[in-house]
Amino acid sequence: MKKFYMCTALLFMLAGCQESEMPEDKEVNSAVPESMDASIVIKGKLEPGKEVILETTVKQGSQFVNEADEVMFEVRKSGQDKRQMLEAKNTGSGTYQVMHTFDEQGKYIVVSHVTAKDLHVMPEKEVVVPEHESEGAGASVHPSTDVSIEFQSNPVKAGNSSNFEANVELDGKPLTNADVNFEVWKEGSEESHFTKAEEDGNGTYQNKVSFEESGTYKVQVHVEKDEVHEHQLQTIQVN
């Protein structure tokens, strides 16, 4: 009888040990989160006083990260402690952008601070802003170009969509096969939305944009093709 009780107690003890060890096994077999990567690209011609786009693309493994908690660009001139912190906006496909103007020539350090999914990465890029070329200097290397953007829209009412149209010319001729986007945000808001325009021939780009609320809105027309990057800011009223 004593042997029976001793065997039964031993079986209960072994079962208890197995149950307590299972969580440890789960921890050992748990998947390790994939690392997060981000890269920095400067879009536009680097020139003192000329606005460019600071862009970072964020990926985790093969997947784009579109819901980062925060993306900030840190900009400082090499050898100086003074720095600017600029909040970037999500433009889709894991891409975050902000407009920036380098006021003077020199070497700059641009750092992208990305916080997402309990991870933080901060890629760094060195940027050299050359002297502003005087007229006639280096004209054969960097020919001057004149981009004009003519924006039009239908009367806009809340709850409806409006047709946005941009007529783009380069040196007096229609600019075709360009990448044109309408960036729209309500005045006072930090959130903006991008709508890609479809080319309708002869340098005309258009698409419909919807507005849920009345108020004053800003519309930034972005035009990109090869070395061309221009934009034009408009103000519209939604009734």
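In this predicted model, strand 14 (residues 179-186) and strand 15 run antiparallel and are joined by four bridges. Within this pairing, Val184 lies opposite His193 of strand 15.

Phe194 is part of strand 15. Its relative accessibility is 29%, so Phe194 counts as partly exposed, since that class falls between the buried limit of under 20% and the exposed limit of over 50%. Beyond its neighbours within four places in sequence, Phe194 contacts Thr91, Gln97, Asn181, Phe182, Glu183 and His222. For one of these residues, Asn181, the C-alpha atom is separated from that of Phe194 by 6.3 Å. Phe194 and Asn181 are 13 residues apart along the chain.

Strands 14 and 15 also contribute to a pocket. This is the second largest pocket, with a volume of about 280 Å³. Its lining comprises 13 residues, of which His193, Ser210, Phe211, Glu212 and Tyr217 are the closest to the centre. Strand 14, strand 15 and strand 17 (204-210) each give two or more residues to the lining. The largest share, three residues, comes from strand 14. By class, the lining of this pocket has five nonpolar, four polar and four charged residues.

How values were computed. Residues numbered from 1 in each chain as written. Predicted model: local features only at pLDDT ≥ 70, side-chain atom pairs only at ≥ 80, totals over all residues. Heavy atoms only, no water. Pairing = 2+ DSSP bridges. Buried < 20%, exposed > 50% of the residue type's maximum accessible area, 1.4 Å probe, protein only. Contact = heavy atoms within 4.5 Å. 1 Å grid on protein atoms, 1.4 Å probe; cavity = no way out; pocket = protein on both sides within 12 Å on 5 of 7 lines; lining within 4 Å. Points joined across faces, edges and corners; volume = space filled by probe spheres on them. Nonpolar A, V, L, I, M, F, W, Y, C, P; charged D, E, K, R; others polar.
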